[in-house]
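Hi,

Here is the structure I promised to pass along. Have a look at it first, and then read on for my notes.

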Amino acid sequence: MSSLFIFNGLFPAVSSLCILMAILLSGCSQTPTEDRLTQWRAEAIARNDAIIRQQGKTAKPKKWELFITGQTTKGLQKLDWEELESLATTRVSTTSPHNSKDLKAMLYFRGIAVSQLLDRFGVKPNATSITFLGYDGFSSTVSISDLRRYPIILALERDGRPIPRSEGGPLSLIFPQSEYPQLHQEYAEQFWAFYVTHAIVGNELAKIRIGNRILDSKTLDKLPLISVEETVGYRQGWPIGKVKLHGVRVRDVLNAANVEIADNNVVIVKGKSAVSRDPNNPIRLRSADIRDCDILLVTRWGEDQKPIPSRLGGPITLAFTGSCYAIGNVQNSVDSDRPWLTFVEELEIK
């Protein structure tokens, strides 16, 4: 395992969390403290409990949609539940590493072969993977070659019934590991994605919406580039420890969009995932924080300043520099529930 790790939404058993964390961290070059592990366990449990509580209120299966974005030949596409049902003609039988009742039990899934989606919407030549994003903001990246080689599906039915929201439904990424044991070696339990809302083909170009304006990558590249080395607060994919980040200040982005904010304004940061757009729990940046410290929209990372790929939550992520903590404007430390956000798409002024 490389120094990068994948961390996905966990269900249905809390006990699987400890197993998952051990798998994730076994090959990492640096190990988190026990306090951080305890915190991550608590956050994962709380996040999924909150999602389950909401299942009776929002996102009914018939209203569920799947967005296909990224490097496709047909651009952004949306499939509603009726369309998903009509495409769900592939059946696989497999055990599941998330079946806490019986890990050896054979389960029968019906769903959409991801290879079918690739054929339907086309893939540009330089795209090599698809990142599946869930309602809860967690993601899983799978190579396109494996998606074409194996009947990996987006399942909407298990054992003849819709997959409950409390068990990762209504749309889950399933690997037929029983028929193809090599899949379990390449894609262990953390790659099984739940509550899937987006399939991002390859990588996307950076752009961000502010009100009615959209700033594209060319515009963002003209803004002052700020480079820092920080211990990141992202919860998946990134190396543990300090990482070189390169991006533009939120205040410079607002200026480029000709947006002025008053002292009583806040900026709401919205990502691609549904949970990051929850109006009841928004990511809010105070005008004083934006003015006095370098809150960044990160577009590149590492020594060689590579664009942030989809597997890391790119092309734009939200980050807080050390200056923010030093002056006390950001009230919580990186080890707390910081709003370091991936897949950033929009800034809204309130």
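Below is what turned up, going from the whole chain to the sheet and the cores.

One thing to keep in mind: this is a predicted model. The chain has 350 residues, and 55% of them are buried. Its secondary structure comes to 10 helices and 20 strands. If you take the contacts with a separation of 6 or more, 67% are between residues 24 or more positions apart. The accessible surface is about 16200 Å², with carbon and sulfur atoms holding 48% of that.

Now the sheet. Five strands make an open sheet with mixed pairing, in the order E12-E11-E20-E15-E16. E12 (213-216) and E16 (283-286) sit at the edges; each has a single partner strand, so one side of each has no neighbour in the sheet. On average, neighbouring strands here are turned by 25 degrees against each other, ignoring direction. Inside the sheet, E11 (residues 207-210) runs parallel to E20 (residues 344-349), and 2 bridges join them. Ile210 has Leu347 in E20 as its bridge partner.

And what about the cores? The largest nonpolar core holds 44 residues, and those touching the most other members are Leu66, Leu117, Ile130, Phe132, Leu154, Leu173 and Phe175. Leaving aside residues up to four places away in sequence, Leu173 touches a list that includes Val114, Phe132, Val142, Phe191 and Trp192, as well as Ser140. Another core, of 41 residues, lies apart from that one; Val250, Leu296, Trp301 and Ile316 are among its members. As background, nonpolar side chains tend to be buried together in soluble globular proteins.

Cheers

Technical notes
Residues are numbered from 1 along each chain as its sequence is written. This is a predicted model: local features need pLDDT of at least 70, side-chain atom pairs count only at pLDDT 80 or more; totals for chains, interfaces and linings use all residues. Side-chain values use heavy atoms; hydrogens and water are left out. Two strands pair if DSSP finds at least two bridges between them. Helices (H or I, at least four residues) and strands (E, at least two) are DSSP runs, numbered from the N terminus. Axes are lines fitted to C-alpha atoms, for helices over the stretch in contact, and angles run from 0 to 180 degrees between N-to-C directions. A nonpolar core is a set of buried Ala, Val, Leu, Ile, Met, Phe, Trp, Tyr and Cys residues joined through side-chain atoms within 4.5 Å. Buried means under 20% relative accessible area, exposed over 50%, partly exposed in between (1.4 Å probe, protein chains only). Contact means heavy atoms within 4.5 Å. Accessible areas come from the Shrake-Rupley method with a 1.4 Å probe; for residues, only the protein chains shown count as cover.
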